[in-house]
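Subject: Two-chain model, handover and notes

Hello,

Please open it first, then read the notes below.

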Amino acid sequence: MPSFTRGFLAPALLASVTAAAQAPAQFQESDFLSRARRLTVEGRRAGEGYWSPDGQRLVFQSEREPGNPFYQIYALDFATGETKRISPGYGKTTCSFFRPRTDEILFASTHHDPRSKELQKEELDFRASGKERRYAWDYDPEFEIYTLAEKTGRYTRLTNARGYDAEGSYSPDGQWIAFSSNRDAYNRTLGAAEQKQLEIDPSYFAEIYIMRADGSDQRRLTRVAGYDGGPFFSPDGTRIIWRRFDEKGLIADVWTMKLDGTDARQITDFGAMSWAPYIHPSGQYLLFASNKLGFENFEVFMVDIDGRKEPVRITYADGFDGLPVPSPDGRRLAWTSSRGGGREGQIFLAEWNHERALAALTAAPNRGQTAVTRRTGI
Amino acid sequence: MTGRLTIMRQKTTLALVALAFVLPATTTLAQSAAASRTRAHVEFLASEKLEGREAGSAGERLAAEYLASELARLGARPLPGRTDMFLPFEFTAGSRDGGSRVTVGGRTFAERTDVQALSFSDDADVSGAVVFAGYGLVVPESQNFGYDSYAALDVKDKIVVVLRYFPEDADEKTRAILARYSDLRYKAMAARQRGARAILVATGPRSPNAGQVVPMTFDTALAGSGIPAASISGAVADALFATAKPLRDVQQELDSGNPHVAGFELPGVTVRLRTSVVRERHTARNVVAYLPATAPVPPAAKPFVAIGAHYDHLGRGDRGNSLASKDEAGGIHHGADDNASGTAAVLAIAETLAQSPQPRRRHLLMAFWSAEEIGLVGSNAFTASPPVPIDQIAAYFNFDMVGRMQNNRLVVQATGTSPAWARLLERANVAAGFDLVTQADPYQPTDVTNFHAAGVASLAFFTGSHPDYHKPTDTAAKINYEDLDRVAAFAATLVRAVSEMDEPPQFTKVDQPTTRGTIAGVRVTTGTIPDYATEVKGLLLSGVVGGGPADRAGLMKGDVIVEIAGKTIANVYDYTYALELLRADQPVKVVFLRNGERRETELTPAARR
């Protein structure tokens, strides 16, 4: 199982969720995805590919350089096939995003931590010992959000709060950043129970924040116990979509809200781990990943933007399929999958059939009685 | 691609299970012949005229002439120091017993059902006292196991009798270890190293194929292995043990696996053994040429980049490796995918690079191998005495069965042979757009194995198996030329990239996984046909052998075996390993996934002769 911060909650791996009975398959993968193929080859693992606004590049995280067992950030150029590293090359990094209308790329990193190289060695030694890590992600409180200005090669640190600051993405106009942070657990005195919670699962305290692109004006948008993370702006820039875990970190669902945190609405309701949502550029539907078909079998689903219909399954492969991100023109899909073999993911790419997706959603049945009541459109 | 179960060199288990292919036929895309760089080559090589291109045959010679003239047309030259592009080599096309006989006491056995030389036997006429050495198994000390059938025996100048296989009743762990060392070649070597004059192999009464002689396996060795070796029938064994305990009782004691059950000299028995193996020797030809560099070669040396494909096939399938059904038997095996496709790909790559205005910083060596189908013999002849120093070759790219692409899936094997490959493949594939499946393992049933063994950074391209594999129906009409051209174009960009590198790709030796099963230990068949092109957790079946054990157990294409006889299966190696421990006719539980649903069935393995 790959570890991805924009949604994957590691402690939950230890528990088990009863898989919902599998509905008879109405579709197959080729109905929506064609010319599917593996994009990343180098290295042990890669994931979370996000498109540049012109669709010419993809920025992603990958473990592919000797000496660092943690993700670094890379950008792949579709025209040349060349891939270049965006992050400094040491420490841990995750969750990158192109800033529209600029040469800047955002990501989260711990490279300012003087122990970075020591931690890299520790992790490599740990791996060499043959043991398996219990937690897929450690929510290192050193994570801060940075940007790289590609032309000058200059890194700018945008956050300074103690605690995990990551999972950032830009608004369509490039002026705002939504991100996830568990800083709340570090800037106040925790009770004994909370302190224990922090040790077991620091993501419990993660909430959604927004800030201006220069790091100013940081505001907290959510205040519900349990991991809130993986926020992205809607294509029209008026709402934020994210995933919210329950307090135990077992069940996650996709939610949307306004940029001030009001009007929060739950979109999915599988009773499983549904996360990594991303809205199609048409604004009509969103893609997300869920393990409703089996605890370790994540598949990509789509659902109409209001969540009125039953979600439609997109991928049909064993293991992990998640973190779906449509291209800016809405005609391609990048996602992370373990279908190439092994436990770790790589990035896959396919042509996306938008018309068939719309038709399938139109034909999908309305959601059952258990669906939450919701208001009209967003 | 060779489908042999037993060939000279160590082989992977892949060949073991690739016995037949029952995938539904692929849809061949409609395409324009004019546009294809590969189609005309495939159509000629797979035509009736070339009669299946069997190594050493007239059809193979015609194919070689064609390839040499095509190479010349592209401006290729014979290798430095050579006057033409043909590199002939000798090989053994088959072997049969030439009149072996054994005399025990006063009684002579000369029927093939009583005594038959093993294919690797020396020709000799020897006699001597006889020592029974149990199963004749020696586990190397490095394994920390402690099993040596010769520990308490002096066999110098004696004739050794051993049992075939390994102890029948031993616990699973013991059997798993001993199975590794039960190959008859290995047993013969152990006897020879201890000074034995000859080795006789009997199949014990408590074993599968009880009392029968060992069939003469196909063996491409040019000579014997340094010791006379023959298998004997139960009748001969009984004559040998006439003055000792009955063989059945002796075997039963050994079958516990207790390493302290020793062999013994057979009192008063003298044996005379005459062995004779007739090896049918032929000459075949590799076709090798090169396009000289058109720019200064980088100072870091390794001035050659090599591309290669075997061009031989099965002829009419008489050498035992055909999978033709009864009504197809004896027909021309056209070998369009195997391997006119790879041959055409090499020509297309050479043509692309020869016509490109871009300068080449390395020489392009183009090689067409013969006698691949009988055990990678041609490429082995090349790497064993290379006409250009092998360390002058920066990289080798192999093409074997690249003409039947399905679902855009391209398998690239041997990626573990250099740390440079992943980046090159990723970069080139951004534009090419294949659904790449990479496999680090260079131990493949194709010529790449020999280049890895020779220390050359290598890659092998493969588009997967199909129901026409090793059958007369592997015809040119079924080739997917559009994707074959794409494979050639993709590989050409890789070849060019390597040509441009200042430092040649670093070579990494890949160890054969130790948990891998070996052919020697596998005595049963389950009739499964694994899908090698798709990696899943478990053993994904691309089909089952009709009427075989898996078929009878209700398994079918698409099923994923995840457990057999209590052993969890993560991959084909786990499966082969588990097979070693199964017994013929003893049903075992198989757990498999069908459409994601976990199911169980009972499978009864059949004996493999």
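In which sense do β12(A) and strand β13 (residues 219-220) of chain A pair, and over how many bridges? The sense is antiparallel, and the bridges number two. Strands count as paired if DSSP finds at least two bridges between them. Helices (H or I, at least four residues) and strands (E, at least two) are DSSP runs, numbered from the N terminus.

Some ground rules. This is a predicted model: local features need pLDDT of at least 70, side-chain atom pairs count only at pLDDT 80 or more, and totals for chains, interfaces and linings use all residues. Residues are numbered from 1 along each chain as its sequence is written, while chains are lettered from A and ligands numbered from 1 in the order in which they are written.

Confidence

The predictor gives the complex an ipTM of 0.83 and a pTM of 0.79. The average pLDDT of chain B is 88, and 91% of its residues score at least 70. Here pLDDT is the predictor's confidence in each residue, from 0 to 100. Over residues 4-33 of chain B, the pLDDT is below 50. Beyond near neighbours in sequence, that stretch has 85 contacts in the model. Two residues are in contact if their C-beta atoms, placed from the backbone, lie within 7 Å.

Chain A overall

Chain A has four helices and 24 strands. It has 378 residues, of which 49% count as buried. Buried takes 20 or more other C-beta atoms within 10 Å of the residue's own, exposed takes 12 or fewer, and partly exposed is in between; the C-beta atoms are placed from the backbone. Take the contacts in chain A between residues at least 6 apart in sequence: 51% of them join residues at least 24 apart.

Around β12(A)

Back to the strand from the opening question. Five of the six residues of β12 (residues 207-212) of chain A are buried, so the strand is largely enclosed by the rest of the structure. Strand β11 (residues 176-181) of chain A pairs with β12(A) over six bridges, in the antiparallel sense. A178(A) has I210(A) in β12(A) as its bridge partner. Towards β13(A), Y209(A) stands opposite R220(A). The hairpin of β12(A) and β13(A) has six residues between the strands. In that hairpin, G215(A) takes a positive phi near 95°.

Two open sheets in chain A

One open sheet has four strands in the order β2-β3-β4-β5 (chain A), with antiparallel pairing. Its edge strands are β2 (45-51) and β5 (83-85) of chain A, each pairing on one side only. Neighbouring strands are turned by 30° against each other on average, direction ignored. Axes are lines fitted to C-alpha atoms, for helices over the stretch in contact, and angles run from 0 to 180 degrees between N-to-C directions. Strands β3 (residues 57-63) and β4 (residues 72-77) of chain A run antiparallel and are joined by six bridges. V59(A) has A75(A) in β4(A) as its bridge partner.

Another open sheet has four strands in the order β18-β19-β20-β21 (chain A), and its pairing is antiparallel. β18 (274-279) and β21 (312-313) of chain A are the edges, each with a single partner strand, so one side of each is left without a neighbour in the sheet. Helix α4 (residues 354-363) of chain A packs on this sheet and touches β19, β20 (299-304) and β21 of chain A. The direction of this helix makes about 70° with that of β20(A). Four bridges join β18(A) to β19 (residues 285-290) of chain A, and the two run antiparallel. W275(A) stands opposite A289(A) in β19(A).

Interface

The contact between the chains involves 19 residues of chain B and 16 residues of chain A. On the chain B side, α10 (421-432) and β16 (435-439) each supply at least two residues. α10(B) gives the most, with nine residues.

Chain B details

In helix α4 (residues 172-179) of chain B, the buried residues include R175(B) and L178(B). The buried residues of α4(B) pack against α14 (572-580) of chain B. T283(B) lies in strand β11 (residues 277-291) of chain B. T283(B) is partly exposed, with 13 other C-beta atoms within 10 Å. Leaving aside neighbours within four places in sequence, T283(B) is in contact with G56(B), P88(B) and E90(B).

Best wishes
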